[in-house]
Amino acid sequence: MNQPIYTDNDPQNELVTLNLGPTHPATHGVFQNVIQLDGERIVSGVSTIGYIHRAFEKIAEHRPFYQITPLTDRLNYCSSPINNMGWHMTVEKLLNIKMPKRVDYLRVIIMELARISDHIICNTIIAQDTGATTTFLYLFQFREHIYEIYEEICGARLTTNIGRIGGFERDFNEIAFAKINKFLKEFPVALREFESLLNRNRIFIDRTAKVAAVSAEQALDYGWTGPLLRSAGVDYDVRVSDPYASYEDFDFEVPVGTSGDIYDRYLVRNEEMWQSLRLIEQGMEKLKHEPKGIFHADVPEFYLPAKEEVYNNMEALIYHFKIVMGEIDTPKSEIYHSVEGGNGELGFYLINDGGRTPYRLHFRRPSFINYQMFAPMSKGMLLSDAIINMSSMNIIAGELDA
Amino acid sequence: MTNHDLIQSLTEKFGEKITGVNEPYGLLTFETTKDIIINVLAFLKEDSLIRFNFLTDITAVHYPEKKHGIAVVYHLHSMVNKMRIRIKVFIDGHHPEIPSATTLWNAANWMERETYDFFGVKFEGHPDLRRILNMDDLGVFPMLKQYPLEDPNRVDKKDEYFGR
């Protein structure tokens, strides 16, 4: 039923149908493209997604707010802290919680680290798919260092569940700060080497420049956001247009491409890593001027108290019980909040009816919306170009399928 | 351009079909009807001053107790004026039908497929209205409120045990 039509005009039956995925190494995730090939050229394609659909929106309707954070981890699992923070900030906006500056700066640091780890994956995989294995293995160790920083802060590495509504669960410890400083010292060296291997590399440029070029009009028409939209020349960044978490206090630039081809996407992501480093450096500097030890807002009715407090303090026990049992008073309203995720605008549309759980929660997932252009734009492309096009779109299956 | 100017030019153009105007957390929200929704979207997109050039999101919400039980929600974004807007269209919950916005934005394609997949909203004029995340023979629209998340026969998680 409702089968897609793959066949175009093919009187001599010369076209080949190829199943790219669901678990093909070239897709870097669980999704399928049924493409029709004339030689090496793609005639038509149909994307099939939903292989790891986990019904997050339905589950979210049955969970109190603080239990939804682990769901957001599993959207774009390459940069889960951004998703976690996005969700916390949505709820904080709903509850009108004013965050202390220090918490905002800590959040910026952790979100920018996540952005770097996300971009490392995408850019090294573009290189990997064009045949440059060295860069992939070389830069990937820094993703490991970022995960070690997460581990120091929250104990987890991939699905971080970092922070709480109203702040962080604990302060960053000295080892975490030391590791961030070490990262800030070592990563620029490696990133510069990475760029020197690829930016002016004849083979890399031949494979990527002028391939899958997208105009700004097309990109906006297809709802692209994030590095993809910026590579096409639109300077839209949620961090600048709707600043959250005190991004307005920071000094950074939004890199913009011109042609929207794969090379531009690569350059934009690389430049964003440099800007993220700048943001982390500024954040570390700003932290020195903030009072030490503040890692959450003073909102006992919404912020889950420390376990020790719960055992020894009556008020904390009451609040703990109310939060865990979902008895906190929340305004009946609806809210849309978005953050700049690794792949673009990650939006949370939350309708709250004052009950224990959200009445409705919808995730605007950038990968899902970015990916719909893949099949139409692949028409007429070489198969090998379509593969690097896919890796340069950085489609994360978790975010695609929710 | 402020929310006030915007709603004024909208009421000038569409009269009393613009209802339920409010601003939760500064985001202008209004309701309209399904016969003029495409005109409203086209006006917002193409008017030279307003320029809501970007379709952020389409989704739906199910209100089983209401007469028009499904609200289709559009989020638009004007990158020029740095404004967002939310438009709701309440449609019949038993036969949800609404014109497709794919004529205005290609981005609407998968958003509408997702909305169809989970709420059964039929977008008239959509080029390829199939399920997208669920399997083709699922047979139900799972985000409707009548479908429980878990096995309804479970007795250990009833709200009454928690004083609700």
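Colleague: Which residues in helix 5 of chain A are buried?

Modeller: In helix 5 of chain A these are A:Thr135, A:Leu139, A:Phe142, A:Ile146, A:Ile149, A:Tyr150, A:Ile153 and A:Cys154. A residue is called buried if 20 or more other C-beta atoms lie within 10 Å of its own, exposed if 12 or fewer do, and partly exposed in between, with C-beta atoms placed from the backbone. Please keep in mind that this is a predicted model, in which local features need pLDDT of at least 70 and side-chain atom pairs count only at pLDDT 80 or more, while totals for chains, interfaces and linings use all residues. Residues are numbered from 1 along each chain as its sequence is written, and chains are lettered from A and ligands numbered from 1 in the order in which they are written.

Colleague: What covers the buried residues of helix 5 of chain A?

Modeller: The cover includes helix 3, helix 4 and helix 6 (174-198) of chain A. Helices (H or I, at least four residues) and strands (E, at least two) are DSSP runs, numbered from the N terminus.

Colleague: How do you know that the span of helix 5 of chain A agrees with its 22 residues?

Modeller: The expected span of a helix is 1.5 Å times one less than its number of residues. For helix 5 of chain A (residues 133-154) this should give 32 Å, and the end C-alpha atoms are 32 Å apart, so the two agree. Just after this helix, A:Gly155 takes a positive phi of about 90 degrees.

Colleague: Why is helix 3 of chain A called oblique to helix 4 of chain A?

Modeller: Helix 3 (residues 80-95) and helix 4 (residues 101-129) of chain A pack at an angle of about 140 degrees, with their axes 7 Å apart. Angles under 35 degrees count as roughly parallel, over 145 as roughly antiparallel, 65 to 115 as roughly perpendicular and the rest as oblique, and that makes helix 3 of chain A oblique to helix 4 of chain A. The axes are lines fitted to C-alpha atoms, for helices over the stretch in contact, and the angles run from 0 to 180 degrees between N-to-C directions.

Colleague: Which residues make that contact between helix 3 and helix 4 of chain A?

Modeller: From helix 3 of chain A come A:Pro81, A:Ile82 and A:Met85, and from helix 4 of chain A come A:Arg107, A:Ile110, A:Met111, A:Ala114 and A:Arg115. Two residues are in contact if their C-beta atoms, placed from the backbone, lie within 7 Å.

Colleague: What makes strand 4 and strand 6 of chain A edge strands?

Modeller: They belong to an open sheet of three strands with the order 4-5-6 in chain A and antiparallel pairing. Strand 4 and strand 6 of chain A each have a single partner strand, so one side of each is left without a neighbour in the sheet. Two strands pair if DSSP finds at least two bridges between them; eight bridges join strand 4 (residues 333-340) of chain A to strand 5 of chain A, and five join strand 5 of chain A to strand 6 (residues 360-364) of chain A. Within this sheet, A:Phe348 of strand 5 is the bridge partner of A:His337, and A:Phe348 also stands opposite A:Phe363 in strand 6 of chain A. A:Tyr349 has A:His362 in strand 6 of chain A as its bridge partner.

Colleague: Why is strand 5 of chain A said to be largely enclosed?

Modeller: Seven of the eight residues of strand 5 (residues 345-352) of chain A are buried, so the strand is largely enclosed by the rest of the structure. Helix 3 of chain A lies across strand 4 and strand 5 of chain A.

Colleague: How do you know whether A:Ala212 is buried or exposed?

Modeller: A:Ala212 has 23 C-beta neighbours inside 10 Å and therefore counts as buried. A:Ala212 lies in the loop between helix 7 (202-208) and helix 8 (216-221) of chain A, and has a positive phi of about 55 degrees although it is not a glycine.

Colleague: And why does A:Asn394 count as buried?

Modeller: Because 30 other C-beta atoms lie within 10 Å, A:Asn394 is buried. A:Asn394 is found in the loop between helix 16 (383-392) and helix 17 (397-401) of chain A.
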